[in-house]
Amino acid sequence: RSANAVLAGSSDEESDLTRLGVPRRSIRVVPCGVDTDEFSPEGPVAERTTRPRLVTVADLSEHDALATLLRAMPKVPGAELIVAGGPARAKLGDDLGYRRLVKLAESVGASGQVTFAGQVGRADLPPLLRSADLFVSLSEYDPTGMLAVQAMACGTPVVATAVGGQVDAVVDGTTGILVPPGRPALLAQRIRQLLAHPMMLEAFSVAAADRARSRYSWDRIAHETLAVYDTAMAA
């Protein structure tokens with residue numbers, strides 16, 4: 001509370017800090033940045049089918065968020081979902097979260113649409129994101145929104161829950177859409193609407209890449225961080 005400056009990663013984090021008693025005048029919002037050379041629309045693209053592709057990257061223990069997405073998939077016929085995260089693909093069978101999600105996918109009729117890719121290395125993440133028609137992030141708590149920003153930097157529109165850093169990152173109706181958590185039917189409806197309008201998806205793609213470059217580049221984030229230090233030192 002006595003600090004000259006406190007850095008918050010998102011407006012949501014700023015609100016948390018004020019509730020803890022940090023004076024709002026001391027808080028500066030500087031989000032996490034993204035390497036816009038590594039994460040960009042240009043570059044290798046992961047192999048894919050002709051089916052509309054959704055990609056999500058999540059810890060397989062995030063059961064509720066992933067369950068919402070799996071329950072939505074049968075209502076998006078013809079689409080495929082790539083779930084990246086968890087242990088290496090060869091060791092997925094040993095993971096409790098994976099086994100629970102596989103059973104859920106089977107029970108809701110989504111198993112033919114879902115591929116669990118396992119852990120994806122950093123070098124493989126941009127090609128995977130570029131291969132997607134939509135990146136989906138249904139985290140119930142995401143203080144940075146970094147995965148959404150990385151997807152946007154690759155020119156991939158984002159469907160995300162309106163929580164944490166994702167609220168700042170995703171411009172609803174421009175770079176993607178924000179949805180309430182735990183609403184699989186509504187989620188499926190919004191995804192179908194986007195996939196049915198390729199020109200809208202293309203416009204979202206261009207806007208997403210532009211926002212990532214203009215707001216989240218490391219150059220800008222470094223400049224904003226140094227500016228906070230200068231202000232604190234002057235005080």
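Reader: Which residues line the largest cavity?
Author: This is a predicted model, in which local features need pLDDT of at least 70 and side-chain atom pairs count only at pLDDT 80 or more, while totals for chains, interfaces and linings use all residues. Residues are numbered from 1 along each chain as its sequence is written, and side-chain values use heavy atoms, with hydrogens and water left out. On a 1 Å grid over the protein atoms alone, a cavity is a set of points where a 1.4 Å probe fits but cannot get out, and lining residues have an atom within 4 Å of a point. The lining of the largest cavity is made up of Thr56, Val57, Ala58, Glu62, Ala65, Leu66, Leu69, Ser137, Leu138 and Ser139.

Reader: Which element gives the most to the lining of the largest cavity?
Author: Helices (H or I, at least four residues) and strands (E, at least two) are DSSP runs, numbered from the N terminus. Strand 3 and helix 2 (63-72) each supply at least two residues of this lining. The most, three residues, comes from helix 2.

Reader: How do the residues of that lining divide into nonpolar, polar and charged?
Author: Ala, Val, Leu, Ile, Met, Phe, Trp, Tyr, Cys and Pro count as nonpolar, Asp, Glu, Lys and Arg as charged, and the others, Gly among them, as polar. For the lining of the largest cavity, the division is six nonpolar, three polar and one charged.

Reader: How much space lies in the largest cavity?
Author: A volume is the space filled by probe spheres set on the grid points, which are joined across faces, edges and corners. The structure holds one cavity of 30 Å³ or more. The space in the largest cavity is about 70 Å³.

Reader: Which residues are closest to the centre of the largest pocket?
Author: A pocket is an open set of points with protein on both sides within 12 Å along at least five of seven lines. The largest pocket holds about 190 Å³ of space. Among the 13 residues that line this pocket, the closest to its centre are Arg130, Ala132, Gly155, Glu202 and Ser205.

Reader: Where does the largest share of the lining of the largest pocket come from?
Author: The lining of the largest pocket has seven nonpolar, three polar and three charged residues. Its largest share is four residues, and they come from helix 8 (residues 198-216).

Reader: Is Thr156 buried or exposed?
Author: Thr156 sits in the loop between helix 5 (146-153) and strand 7 (158-161). Leaving out residues up to four places away in sequence, Thr156 touches (heavy atoms within 4.5 Å) Leu129, Arg130, Ala132, Asp133, Leu134, Phe135, Ala151 and Ala208. Buried means under 20% relative accessible area, exposed over 50%, and partly exposed in between (1.4 Å probe, protein chains only). With a relative accessible area of 1%, Thr156 is buried.

Reader: How far apart are the closest N and O atoms of Arg19 and Asp16?
Author: A salt bridge is a side-chain nitrogen of Lys or Arg within 4 Å of a carboxyl oxygen of Asp or Glu. Arg19 and Asp16 are about one helical turn apart because they are three residues apart in helix 1 (residues 11-19). Arg19 is exposed at 62% relative accessible area, whereas Asp16 is partly exposed at 29%. Their salt bridge has its closest N and O atoms at 2.4 Å.

Reader: How many residues apart are Glu38 and Arg122, which meet in a salt bridge?
Author: The N to O distance in this salt bridge is 2.9 Å. Glu38 lies in the loop between strand 2 (27-29) and strand 3 (53-57), and Arg122 in the loop between strand 5 (114-118) and helix 4 (125-130). The pair links distant parts of the chain, 84 residues apart.

Reader: Which residues are linked with Glu224 in a network of salt bridges?
Author: Glu224 and Arg220 are four residues apart in helix 9 (residues 218-234), about one turn of the helix. Their salt bridge has its closest N and O atoms 2.7 Å apart. Glu224 is buried at 16% relative accessible area, while Arg220 is partly exposed at 34%. The network links Glu224 with Arg215 and Arg220.
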